[in-house]
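Let's take a walk through a protein structure together. Have the sequence and the 3D view open, and look for each residue as it comes up.

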Amino acid sequence: MEKLSFTIDNAELVNENIDSQFSLLSLDFFASGRNLHDTFVSEETLMRTAETIKNCPIVWMYDPILNDAYTHSPEEVPCGFIPESAEIKYRKLEDSRTMVSVTSYVWKKFSGKILDFFRRDNGEKPVSVEMSVYETEEKPDGLLELLDYRFEAVTILGSLVKPAIPLARATVLQFAKEYKSDYTKEFSDKYSDIDFTIPQNVKSNA
């Protein structure tokens, strides 16, 4: 099994609500066709594997020398996540490739300086998807086709990183103000029939 990462064009901070608990990251995270790592992904493989982005963390690491996000590192820390309930979306690009996108959460309170860096850098940062590759095949033109893989994480990177997925981008959108409202919208009310109230005898013992 091989580990690969693909840097996405940029992430853009748009219309952020200073009163909200989170920022919403609308992420173009991968595309069919050829990329700058000389690998190829068919549209069929793209659609079959896209769902594996769900439950992946959004991670980053601070670089004190550049005062920016760093590149991939074992010391990366989570600053958000892509929920199981996120909707995977597809759209055709002008060059006939298919772009796949998803919405993720970025914590404001627990994400360090990363949102400050978005604002400082005109709202844009590159990000990278990391994946475990299970099956490949060399094409007649020398490109390596990815036949089966699983996404593992999305890393927010420093602004000097060159993108590997042409025309991909991510946009940080405005969230609703109230945490309870945000949570309900994202995760539905599938636990509404469960009573999480602390029993009176437990309260008394405490």
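A salt bridge is a side-chain nitrogen of Lys or Arg within 4 Å of a carboxyl oxygen of Asp or Glu. Keep in mind that what you're looking at is a predicted model. A search of the whole structure turns up 10 salt bridges.

Take Arg 119 and Asp 116: their closest N and O atoms are 2.7 Å apart, so by the 4 Å cut-off the two form a salt bridge. Why are they separated by about one helical turn? Because Arg 119 and Asp 116 sit three residues apart in helix 2. Arg 119 is partly exposed, at 44% relative accessibility, and Asp 116 is partly exposed too, with a relative accessible area of 40%.

## Salt bridges across the chain

Other pairs reach further along the sequence. The side chains of Arg 91 and Asp 28 meet in a salt bridge, at 2.8 Å from N to O. Arg 91 belongs to strand 9 (residues 89-92) and Asp 28 to strand 2, so this pair ties together parts that are 63 residues apart in sequence.

Now move to Lys 92, which forms a salt bridge with Glu 43; here the closest N and O atoms are 2.8 Å apart. This pair also links distant parts of the chain, with Lys 92 in strand 9 and Glu 43 in helix 1 (residues 43-49), 49 residues apart. Lys 92 is exposed, with a relative accessible area of 54%, and Glu 43 is partly exposed at 33%. Elsewhere, Glu 44, Arg 48 and Asp 148 are linked in a network of salt bridges.

## Strand 10 and its partners

Next up is strand 10, which covers residues 98-107. Which strands pair with it? Strand 2 is one of them: nine bridges join strand 2 to strand 10, and the two run antiparallel. To spot this pairing, find Phe 22, whose bridge partner in strand 10 is Trp 107. Strand 8 also pairs with strand 10 in the antiparallel sense, over two bridges, with Gly 80 standing opposite Val 106.

Then there's strand 9, joined to strand 10 by four bridges, again antiparallel.

## Strand 5 and its two pairings

Strand 5 (residues 57-60) pairs with strand 8 (residues 77-81) in the antiparallel sense, over four bridges. One spot to check is Ile 58, which stands opposite Gly 80 in strand 8.

In soluble globular proteins, nonpolar side chains tend to be buried together. In this model, the largest nonpolar core has 33 residues, and those with the most contacts inside it are Phe 29, Phe 30, Ile 53, Tyr 149 and Phe 151. Several elements each supply at least two residues of this core, among them strand 2 (22-31), strand 5, strand 10, helix 2 (114-120) and strand 11 (124-138). Which element gives the largest share? That's strand 12, with five residues.

## A nonpolar patch outside

Some nonpolar residues are found on the surface instead. Ile 65, Leu 66 and Leu 160 form a nonpolar patch there, with about 410 Å² of accessible area together. Leu 160 is found in the loop between strand 12 and strand 13 (170-173). Its relative accessible area is 75%, and since anything over 50% counts as exposed, Leu 160 is exposed.

Notes:
Residues are numbered from 1 along each chain as its sequence is written. This is a predicted model: local features need pLDDT of at least 70, side-chain atom pairs count only at pLDDT 80 or more; totals for chains, interfaces and linings use all residues. Side-chain values use heavy atoms; hydrogens and water are left out. Two strands pair if DSSP finds at least two bridges between them. A nonpolar core is a set of buried Ala, Val, Leu, Ile, Met, Phe, Trp, Tyr and Cys residues joined through side-chain atoms within 4.5 Å. Buried means under 20% relative accessible area, exposed over 50%, partly exposed in between (1.4 Å probe, protein chains only). Patches are made of residues with over 30% relative accessible area and no salt bridge: like charges are joined within 9 Å, nonpolar side chains (Val, Leu, Ile, Met, Phe, Trp, Tyr) within 5 Å. Accessible areas come from the Shrake-Rupley method with a 1.4 Å probe; for residues, only the protein chains shown count as cover.
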